[in-house]
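Dear colleague,

I am passing on the structure we spoke about, with a short account of what was found in it. Please have the sequence and the model open beside this message as you read.

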Amino acid sequence: MTPDDDDALLDSDSDSAAFDDGDSPERLPRGLTLRALVPNAITSGALCCGLTGIRFAIAGDFRSAVLAVIVAGMLDGIDGRVARAMKAQSRFGAELDSLADAISFGVAPALILYLWSLQEVPRFGWFAALALAVCCALRLARFNARIDTEDQPHKSAGFLTGVPAPVGAGLAMMPLYLWIASDRPEFRHPAGVAVWTAVIAFLMISNIATLSWASLRPRRSVRLELILVFGLVFAAMLTEPWLTLVGICVFYIALIPLGVARYARVRRQRADARAATAAHV
């Protein structure tokens with residue numbers, strides 16, 4: 001279940017059945033219910049896709065490696081929704097999801113980029129790959145640590161803190177998309193790839209407000225146009241997948257300043273509301 005999803009870490013009574021061996025008063029989990037197996041199986045599938053991407057990269061099949069990570073991201077995007085639809089959220093599923101995300105969107109992209117380009121400058125390139133993997137793990141750890149914290153300004157306003165792990169993995173591999181689409185060697189230059197990877201790693205652990213699905217509320221007058229756009233993007237993915245992925249990455253990066261500006265407006269509105277409340281008191 002997606003660790004950037006607000007409801008991903010809801011506890012379930014199904015994970016805490018009574019167990020008493022006569023010597024200890026502790027209650028230990030008895031196991032997962034049958035319906036809880038479905039979302040966790042999807043999460044396991046995402047983990048296997050990420051690991052398979054590493055295998056493809058070792059074999060030099062970078063197209064398949066990228067596709068494996070993308071499939072992992074798609075599975076990661078639906079497991080939380082499946083869990084909520086089936087009322088099968090659990091602490092076990094949340095922890096499994098965090099571990100799977102750290103591997104699929106941290107370790108896997110880092111190794112893919114290293115084997116593709118960064119190994120040409122082993123020391124500098126390896127540090128860039130490490131930065132991506134470690135920052136992904138730090139982001140997930142920060143999210144888990146804050147899950148029970150009431151004071152979360154970004155979350156309460158419908159924003160995310162930093163770039164989500166699956167999105168960060170997709171952005172980090174944008175030079176690889178460009179290289180596959182054009183076969184131009186400059187996109188594989190290790191120095192440029194290393195700098196780009198380090199920038200994305202920083203964005204993953206940054207404190208900037210980024211847009212979430214909850215904060216994207218288009219006007220009713222343009223919703224039909226948006227349906228058309230999504231259909232065209234899907235068609236473009238079938239005909240020109242790599243250039244379409246580049247376009248999606250560029251579009252998301254362009255949205256980052258918009259998210260910062262919109263959250264700044266929310267902060268001003270909150271400050272004005274607090275000031276008005278204090279004045280009335």
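In what follows, a residue is called buried under 20% relative accessible area, exposed over 50%, and partly exposed in between. Because V134 has a relative accessibility of 42%, V134 counts as partly exposed, and this residue lies in helix α4.

Before going further, please keep in mind that this is a predicted model. The mean pLDDT of the protein chain is 84, with 82% of its residues at 70 or more. Over residues 1-29, however, the pLDDT is below 50, although this stretch has 65 contacts in the model beyond near neighbours in sequence.

V134 also belongs to a nonpolar patch on the surface, which it forms together with W126, F127, L130, L138, F202 and I205, and the accessible area of these residues together is about 670 Å². Two or more residues of the patch are given by each of the elements α4 (122-146) and α8 (190-205), and the largest share, five residues, comes from α4.

Turning to charged side chains, the count comes to one salt bridge. Side chains of opposite charge can pair when their charged atoms come close. Here R184 forms the salt bridge with E186, and their closest N and O atoms are 2.5 Å apart. R184 counts as partly exposed because its relative accessibility is 44%, and E186, with a relative accessible area of 42%, is partly exposed as well.

With best wishes

Terms used. Residues numbered from 1 in each chain as written. Predicted model: local features only at pLDDT ≥ 70, side-chain atom pairs only at ≥ 80, totals over all residues. Heavy atoms only, no water. pLDDT = per-residue confidence, 0-100. Contact = heavy atoms within 4.5 Å. Patch = residues over 30% accessible without salt bridge, like charges linked within 9 Å, V, L, I, M, F, W, Y side chains within 5 Å. Areas by Shrake-Rupley, 256 points an atom, 1.4 Å probe, with all protein chains shown as cover. Salt bridge = Lys/Arg side-chain N within 4 Å of Asp/Glu carboxyl O. Helix = DSSP H or I, 4+ residues; strand = E, 2+ residues; numbered from the N terminus. Buried < 20%, exposed > 50% of the residue type's maximum accessible area, 1.4 Å probe, protein only.
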